[in-house]
Amino acid sequence: MIGINEILSNFHLSATIFHRSLLCNTWSTDTSGSGLASFHLMSQGQAFLYCGETKAYELSAGDLVIFPHDAPHVISSCAEETAAVNTSRFIAYPMTDNATDKAGLICGYFDFGDDKAHPLIKQLPSHIVIHKHEQQGALGQITHSLIEEAKLGNMANEVILSRLSEIFFLSLMRQLALDEHTHLGLFKALQDPKMHKVLQALNRDLAQPWTVSSMAELGGYSRASFASHFKTYLQSTPLEYLTYLRLSKAQKQLQAGESVYKTALDVGYQSDVSFAKAYKRHFGYGPGTSRKVAV
């Protein structure tokens, strides 16, 4: 799917592994509160997830759970909620321990930077569980590699762990995008041939003087039908989405050291003045600030 690959290729993402160990006896953990997305990967054993309406959801070796919006949660050895919530301690052992009676847990954070406002992230649910048998193709291989690297203990390379975590998130997004039963609006839009054509064109040519009418014509919609379908898929108007794409790309170009004037033209503004006004309205500061940060 060309659309999702183009989106992911411009996506800001960094990952950090902050915990990897074997846990024994009664234990619980809640990693929310950082403001970052977090994830937990079971390397062995069993645990139970509590998050919102999800109660005592069983997790087994190889299962993965992601919290895209830092939702409060508990992952615990306890199958009873009161015990899980009231347990706040755990005894951790190195992952090099060969004990098979312990649960293995790898935990990390995802930092989306300014892309946390991207429709791809905003539409994700409070938590995503991907069981081992659901991890298709590259995703399954990457999570296996992540577990094997973590098991090296002190010999494990933190950079490798971080990069593997980033790759498995991108692979997961691609897998979700290909799910024909997806409930996520952006992915539904990419699976709709007419809307896919429009979104692909927008991503490839932001400098084009797009209007709602020209977008509708490209997709083969009436103007009203296009606006309605777009709103349903992306929870924003076509011009709001276009503005987000333009200013998001502009921010990245400015941070890379590009001039304000060239950046303005590249993303479809006719002058640096109109661009600067739109940029400040969106980010709360002018484009020059982004260039200063880059320098």
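A: Gln235 counts as partly exposed, because its relative accessibility of 49% falls between the 20% and 50% cut-offs. This is a predicted model, by the way. Gln235 sits in the loop between helix H9 (223-234) and helix H10 (238-255), and its phi is positive, about 55°, although it is not a glycine.

Asp70 is another non-glycine residue with a positive phi, in this case near 60°. You'll find Asp70 in the loop between E6 and strand E7 (74-76). Asp70 is buried, because its relative accessible area of 14% is under the 20% cut-off.

E6 takes us to the sheet you asked about. Six strands make up this open sheet, and if you walk across it you go E8-E1-E9-E3-E6-E10, with antiparallel pairing. The two ends of that walk are strand E8 (91-93) and strand E10 (128-130), the edge strands, and each of them pairs on one side only. From one strand to the next, the twist averages 30°. As for what holds such an arrangement together, strands of a sheet pair through backbone hydrogen bonds, either parallel or antiparallel.

Now for the helices. Helix H4 (residues 138-150) lies across strand E1 (14-24), E3, E9 and E10, and its direction makes an angle of about 75° with E3. H5 also lies across strands of this sheet, namely E1, E3, strand E6 (64-67), E9 and E10, and it runs at about 100° to E1.

To zoom in on H5, pick Ser171, which belongs to this helix (residues 158-177). Ser171 is buried, since its relative accessible area is 10% and the cut-off for buried is under 20%. So what does Ser171 touch, leaving aside its neighbours within four places in sequence? The contacts of Ser171 are Ala138, Leu139 and Ile142.

Note on methods
Residues are numbered from 1 along each chain as its sequence is written. This is a predicted model: local features need pLDDT of at least 70, side-chain atom pairs count only at pLDDT 80 or more; totals for chains, interfaces and linings use all residues. Side-chain values use heavy atoms; hydrogens and water are left out. Helices (H or I, at least four residues) and strands (E, at least two) are DSSP runs, numbered from the N terminus. Buried means under 20% relative accessible area, exposed over 50%, partly exposed in between (1.4 Å probe, protein chains only). Contact means heavy atoms within 4.5 Å. Two strands pair if DSSP finds at least two bridges between them. Axes are lines fitted to C-alpha atoms, for helices over the stretch in contact, and angles run from 0 to 180 degrees between N-to-C directions.
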